[in-house]
Amino acid sequence: MQPQLRRIPDENCIDIPDSRDSCSPLLACFGNSGEYFAGRALGRDEGTLAGVTNFGAICTGTWVSRNFIGTGEANFECDNGHWGKVIFHYRDGVSGTVKGFGFTNHGVSIRAWSGHYIQDFLDDQSGQVDNKLMCGEVEIPLS
């Protein structure tokens, strides 16, 4: 029997109907500066992403799943001149929870997570400290 997963609330998906355009929370940490992104990923197998950083930059992009090998790719650009790519892999195929790594055009590392059960699949390498998701010294809100 699998443990009960804890679904995180996501205000970015409230007004999106649950249809073929599935909506999942999307979080990302840019380097160790404390800058993070909070937004949403729309679609199934491929789609769009959008959100804003805690520094106020608006970011948009696209993503595509490569389910047959459990990986995928997301490309984004922000209105502050940052753009980049994240390669992700599924932590849990049933819930669609993913974890990814990448870089911006300025060489800043990116750690990213998407899905309604992110918290259940965090580990020390994710930046989890005392059950909190950290971006440098800044906590990324999970709710």
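Are cysteine 29 and cysteine 135 buried or exposed? Select both in your viewer and keep them highlighted. Cysteine 29 is buried, and cysteine 135 is buried too. A caution before going further: this is a predicted model.

**Stop 1: the whole chain**

Switch to a cartoon view. The chain has eleven strands and zero helices. Trace the elements from the N terminus and the order reads β-β-β-β-β-β-β-β-β-β-β. Now colour by accessibility. Of the 143 residues in the chain, 45% are buried.

**Stop 2**

Show sulfur atoms. The structure holds two disulfides. A disulfide is a covalent bond between the sulfur atoms of two cysteines. Go back to the pair you picked at the start. Cysteine 29 and cysteine 135 form a disulfide, with 2.1 Å between their sulfur atoms. Cysteine 29 sits in strand E1 (residues 23-30) and cysteine 135 in strand E10 (residues 132-135), so this pair ties together parts that are 106 residues apart in sequence. Check the torsion about the S-S bond. For cysteine 29 and cysteine 135 the torsion is about 85 degrees, so the disulfide is right-handed.

**Stop 3**

Next, select cysteine 59 and cysteine 78. A disulfide joins them, S to S 2.0 Å. Cysteine 59 is in strand E4 (residues 58-66) and cysteine 78 is in strand E5 (residues 71-78). The pair links distant parts of the chain, 19 residues apart. Here the S-S torsion of cysteine 59 and cysteine 78 is about 100 degrees, so this disulfide is right-handed. How buried are the two ends? Cysteine 59 has a relative accessible area of 1%, so it is buried. Cysteine 78 has 10% relative accessibility and so counts as buried.

**Stop 2: the salt bridge**

Side chains of opposite charge can pair when their charged atoms come close. The structure holds one salt bridge. In it, the side chains of glutamate 73 and lysine 85 meet at 3.6 Å, N to O. Glutamate 73 lies in strand E5 and lysine 85 in strand E6 (residues 83-92), so the pair ties together parts that are twelve residues apart in sequence. Glutamate 73 counts as partly exposed because its relative accessibility is 21%, against a cut-off for buried of under 20%. Lysine 85 has 38% relative accessibility, so it counts as partly exposed.

**Stop 3: serine 114**

Hide the surface and move to serine 114. Its place is in strand E8 (residues 109-114). Serine 114 is buried, with a relative accessible area of 9%.

**Stop 4: the cavity**

Last stop. How many cavities of 30 Å³ or more does the count give? The count comes to one. The largest cavity has a volume of about 30 Å³. Colour the lining by type. Four of its residues are nonpolar, one is polar and two are charged.

Key. Residues numbered from 1 in each chain as written. Predicted model: local features only at pLDDT ≥ 70, side-chain atom pairs only at ≥ 80, totals over all residues. Heavy atoms only, no water. 1 Å grid on protein atoms, 1.4 Å probe; cavity = no way out; pocket = protein on both sides within 12 Å on 5 of 7 lines; lining within 4 Å. Points joined across faces, edges and corners; volume = space filled by probe spheres on them. Nonpolar A, V, L, I, M, F, W, Y, C, P; charged D, E, K, R; others polar. Disulfide = S-S within 2.5 Å. Helix = DSSP H or I, 4+ residues; strand = E, 2+ residues; numbered from the N terminus. Buried < 20%, exposed > 50% of the residue type's maximum accessible area, 1.4 Å probe, protein only. Salt bridge = Lys/Arg side-chain N within 4 Å of Asp/Glu carboxyl O.
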